[in-house]
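Please look over the sequence and the model before reading on. The report below is written for someone who has not seen this structure before.

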Amino acid sequence: MFNLILKHTKSLRSYATEASTRRSPKVRTISKILIANRGEIACRVIRTARKLGVRTVAIYSDPDEHSLHTQYADEAYHVGEAASAKSYLRADRIINIAKEADCQAIHPGYGFLSESVEFAELCQREGVIFMGPPSSAIRDMGIKSTSKAIMSAAGVPIINGYHGDDQSNERLQAEAEKIGFPLMIKAVRGGGGKGMRVADKAEDFMTALNSARTESQKSFGDSSVLLERYVRSPRHVEVQVFADQYGEAVYLWERDCSVQRRHQKIIEEAPAPGLSDDLRRALGEAAVRAAKAVGYVGAGTVEFIMDKEDLSFHFMEMNTRLQVEHPISEMITGTDLVEWQIRIAAGEPLPLSQQQITRKGHAFEARIYAENPRGGFLPGAGPLHYLATPQPNELVRVETGVREGDEVSVHYDPMIAKLVVWGENRTQALNSLIARLREYHISGLDTNINFLIDLANHSEFRAANVHTGFIDQHFDTLFPPVKINDTDLCKAALSLLLNELQAFQCNNLSRNDPFCFSPNLRLNYELTPEHVEDGERLKIRTNINDNISTFNAYVAADEVTVFLESGKMQFELVQPKFLSTTIDQMGGGSGSKVIAPMPGVLEKVLVRPGDHVKKGDNLAVLIAMKMEHSLKAPKDAVVKSIGGIEGSNVAKGAAVITFEEDSNEK
């Protein structure tokens with residue numbers, strides 16, 4: 001390791017000399033770009049390209065043919081099947097499309113090929129501009145052990161751990177015992193929380209190691225890991241950096257991304273709260289040193305672990321691409337970072353010097369996901385039957401790649417949108433975030449919007465007492481028991497009645513019709529419902545016991561959804577028993593089946609029909625959004641049948657494993 005650090009120290013010195021003497025890059029015209037991505041980020045890039053007069057080419061997989069980004073781009077080309085490996089990761093096919101469409105450059109977005117060394121090198125060989133850093137920078141920063149050696153040589157603080165090449169179980173176990181527990185296991189090529197596990201004690205180490213390796217292999221094609229001391233309740237603070245081809249680099253202040261679930265960000269803010277100006281400068285200058293140490297070009301983010309008690313910080317990793325949360329940096333600096341990417345890729349110098357980059361106000365970004373927070377944040381998929389968003393303006397951005405009627409696919413990330421707001425200060429921005437979340441209405445699948453409202457409203461979040469363990473620490477107050485009061489129930493019932501009134505033109509029916517709603521109907525409440533226009537929404541105004549309120553509602557065939565101050569409330573429309581078919585007595589409620597908690601791919605089946613299993617045994621592994629989820633036996637039982645083969649898609653609620661009938665349950 002010492003020799004490696006020494007080697008990179010010398011390379012740093014040579015790079016500094018080279019940067020001051022190298023010839024100016026040739027400025028190239030970029031008039032057409034291909035976006036090697038999909039969804040929200042593809043739409044984001046297209047928006048800026050249009051502003052600059054740059055034409056855009058989209059690519060799409062089978063299920064994305066009619067998606068928003070294909071409609072928004074000037075052209076769109078089919079790239080392959082639904083699976084990412086057969087579409088958005090097809091580097092050869094993407095390059096061929098770029099050349100066929102006469103594109104000078106490729107914007108990789110984030111995820112997929114955005115941090116692929118091989119893809120960056122392929123672009124260079126084929127004479128297509130890769131709108132990202134040099135492949136050498138991606139390589140150095142993509143391998144965590146290498147990046148930490150480079151950072152140490154550059155004077156960037158790092159955290160101690162094992163970053164060696166010996167990946168044997170025996171060596172890793174020995175190194176883990178040296179570091180001590182708890183410790184963090186990270187995929188060497190990891191990112192986005194994938195391939196990351198925490199081992200609280202020695203007995204947990206091998207299980208956590210195997211799980212991290214498996215997930216890392218699937219996500220990055222490499223099972224190598226590194227070990228680090230685990231800092232309990234740290235803050236996650238990152239710095240947006242930008243560098244040009246002339247050796248200049250700047251920072252655009254920092255972001256706090258501490259509040260996470262499953263090691264993945266859920267809400268971000270800029271600037272990070274509670275830091276002094278001196279500390280902000282120290283973070284920014286360390287990030288710039290990191291970028292220059294690898295000859296960086298373009299947009300990048302240097303992530304730090306910050307001790308929330310003494311505010312000391314240590315290098316964690318560098319993301320060599322534009323981050324999901326880049327809009328909040330744009331909001332506080334008044335910049336367009338995608339525009340910067342296009343201009344720098346063309347060979348222009350940085351648009352602003354460090355002294356010209358000012359910071360104003362405060363911004364939040366909330367990631368709206370198709371997921372079930374009360375079910376362990378398991379990812380979801382399904383149709384967006386109803387979708388109404390806040391009205392975008394200079395202070396509010398809705399970054400999305402879907403419309404009402406679209407489907408969130410099981411094959412890709414379950415993010416529906418990013419809601420971004422700006423305010424003069426943190427309090428103003430947070431109030432705006434809560435208000436806009438209450439205006440974000442979705443029906444058809446589970447989302448995390450209610451959770452985001454509760455999170456943003458939490459007293460400790462308002463006080464900026466944030467850290468990566470925030471959700472676990474405040475779990476009980478973030479997930480209080482769901483209570484439905486009579487007033488909310490009345491609002492749902494009135495929504496259904498008004499919907500039926502409108503659908504069946506009840507006013508023309510006989511007043512003696514028992515199914516005809518009457519304005520004078522009494523349900524132990526004074527009720528005065530009416531429809532009111534609110535932009536594109538048709539809301540309902542009610543007077544229930546002298547309490548006048550206005551709310552939005554959506555009525556479907558099997559449920560009524562009302563959108564209230566506390567968030568979305570769904571009510572199932574139960575079919576009358578005389579219309580119901582016979583209920584299967586062997587349903588999941590009896591423990592006779594193991595059902596899929598979310599849609600996904602059946603990666604492994606660990607049992608066969610006839611096997612005897614014990615309660616808690618692993619039966620199968622389900623993959624959803626590249627994350628592993630183990631399905632366990634709910635009781636001692638005998639396997640009767642398997643509901644699919646390895647590699648097959650399974651729907652949410654589908655029976656994966658069925659057990660023999662227990663004679664005691666007959």
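## Overview

This is a predicted model. The chain has 666 residues, and 53% of them count as buried. Its secondary structure consists of 18 helices and 38 strands.

Contacts between residues at least 6 apart in sequence can be sorted by their separation: 64% of them join residues at least 24 apart.

## Nonpolar cores

The largest nonpolar core has 71 residues. Within this core, Phe242, Leu283 and Phe304 touch the most other members. Helix α10, which covers residues 277-293, gives the most to the core, with 8 residues. At least three core residues come from domain 1 (32-131), and at least three from domain 3 (236-479).

Setting aside residues up to four places away in sequence, Phe242 touches Glu248, Ala249, Val250, Leu252, Gly298, Ala299, Leu337, Trp340, Gln341, Ile344 and Leu350. There is also a second, separate core, which has 38 residues. Among its members are Phe377, Leu445, Ala456 and Phe470.

## Aromatic rings and charges

A pair of aromatic rings is described by the distance between the centres and the angle between the planes. The structure holds 16 aromatic pairs. In one of them, Tyr251 and Trp253 have ring centres 5.4 Å apart and planes at 90°, so the pair is edge-to-face. Tyr251 counts as buried because its relative accessibility is 6%, and Trp253 counts as buried at 12%. The rings of Phe304 and Phe313 also form an edge-to-face pair, because their planes are at 80°, with the centres 5.2 Å apart. Phe304, already named as a member of the largest core, has 0% relative accessibility and counts as buried. Phe313 is buried as well, with a relative accessible area of 13%.

One aromatic cluster is formed by Phe377, Phe451, Phe475 and Phe479; Phe377 also belongs to the second core. Two arginines lie over rings. The charged end of Arg359 sits over the ring of Trp253, 4.8 Å from the ring centre. Arg426 lies over the face of Phe461, and the distance to the ring centre is 5.2 Å.

## A buried lysine

Is Lys148 buried or exposed? Lys148 has a relative accessibility of 1%, so this residue counts as buried. Lys148 is found in helix α7, which covers residues 144-153.

Which residues is Lys148 in contact with, leaving aside its neighbours within four places in sequence? They are Ile158, Ile159, His163, Leu226, Glu228, Phe315 and Met316.

Strands of a sheet pair through backbone hydrogen bonds, in a parallel or an antiparallel way. In this model, 4 strands form an open sheet in the order β31-β38-β36-β33, and the pairing is antiparallel. The edges are taken by β31 (593-595) and β33 (612-613). Each edge strand has a single partner strand, so one side of each is left without a neighbour in the sheet.

His612 has Val638 in β36 as its bridge partner.

Notes: Residues numbered from 1 in each chain as written. Predicted model: local features only at pLDDT ≥ 70, side-chain atom pairs only at ≥ 80, totals over all residues. Heavy atoms only, no water. Pairing = 2+ DSSP bridges. Helix = DSSP H or I, 4+ residues; strand = E, 2+ residues; numbered from the N terminus. Buried < 20%, exposed > 50% of the residue type's maximum accessible area, 1.4 Å probe, protein only. Contact = heavy atoms within 4.5 Å. Core = buried A, V, L, I, M, F, W, Y, C linked by side-chain atoms within 4.5 Å. Domains from an automatic or database assignment. Phe/Tyr/Trp six-rings, centres within 6.5 Å; stacked < 30°, edge-to-face > 60°. Lys NZ or Arg CZ within 6 Å of the ring centre and 35° of its normal.
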